[in-house]
Amino acid sequence: MHIDWLSFTPWSSLAGGALIGLAASLLVIANGRIAGISGLIGSLLQRGCEGRSDTVLFLLGLLVAPLLWGLFFTLPHITFESDGVALVVAGILVGVGTRYGSGCTSGHGVCGLSRLSPRSMVATVSFMLGGFVTVFVLRHLLGG
């Protein structure tokens, strides 16, 4: 394994994590809503959901923030090492896991762990372990 120390960005990572925590905290304090992205998107698909405009603004902020960042700073170059089919399958598996796990990484990993939720602790350990096993199998056993 090779670590690209020139691309290691601890301060911007810390700032990004602090902003995520701040946004999640403000959403709970101001609206009483958990900043689980899958739950927020799911609520938009339901009829008569409360706080629709707040939810839309929060999700819109997730999409607009990188665009605003790109006006002032260089965005990182993103490359995908998988083909399109693998990305679609991965996306479907993540979506299915999100439904069965009653939440996503942001809901359980950020908001649930900060509230010391036992269900979120189990969910976070499960999806992290699943990710570790998947990477190990794909890279070391299947040679991908």
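The model is predicted, so local features need pLDDT of at least 70 and side-chain atom pairs count only at pLDDT 80 or more, whereas totals for chains, interfaces and linings use all residues. Residues are numbered from 1 along each chain as its sequence is written, and side-chain values use heavy atoms, with hydrogens and water left out. Helices (H or I, at least four residues) and strands (E, at least two) are DSSP runs, numbered from the N terminus.

**Helices α2 and α3**

- Helix α2, residues 37-44, packs against helix α3, residues 52-72, at an angle of about 130 degrees, and their axes are 10 Å apart; axes are lines fitted to C-alpha atoms, for helices over the stretch in contact, and angles run from 0 to 180 degrees between N-to-C directions.
- The two helices α2 and α3 are therefore oblique to each other, where angles under 35 degrees count as roughly parallel, over 145 as roughly antiparallel, 65 to 115 as roughly perpendicular and the rest as oblique.
- The crossing of α2 and α3 is left-handed, a term used if the near helix is turned anticlockwise from the far one by less than a right angle, with right-handed used if clockwise.
- On the α2 side, I37, L40, I41, S43 and L44 meet R52, T55, V56, F58, L59 and L62 of α3, contact meaning heavy atoms within 4.5 Å.
- The residues of this contact of α2 with α3 comprise eight nonpolar, two polar and one charged; Ala, Val, Leu, Ile, Met, Phe, Trp, Tyr, Cys and Pro count as nonpolar, Asp, Glu, Lys and Arg as charged, and the others, Gly among them, as polar.

**Residue T55**

- T55, which is found in helix α3, is buried, with a relative accessible area of 3% (buried means under 20%, exposed over 50%, partly exposed in between, with a 1.4 Å probe and protein chains only).
- Leaving aside residues up to four places away in sequence, T55 touches R33, L40, S43 and L44.

**Helices α5 and α6**

- Helix α5, residues 105-114, and helix α6, residues 118-141, pack at about 130 degrees with axes 9 Å apart, and α5 and α6 are therefore oblique to each other.
- The crossing of α5 and α6 is left-handed.

**Annotated spans**

- UniProt, in an unreviewed entry, lists residues 20-45, 57-78, 84-101 and 122-142 as "transmembrane region", and such annotations may be inferred rather than shown by experiment.
- Residues 57-78 are 73% helix and 0% strand, with end C-alpha atoms 26 Å apart.
- Residues 84-101 are 94% helix and 0% strand, with end C-alpha atoms 25 Å apart.
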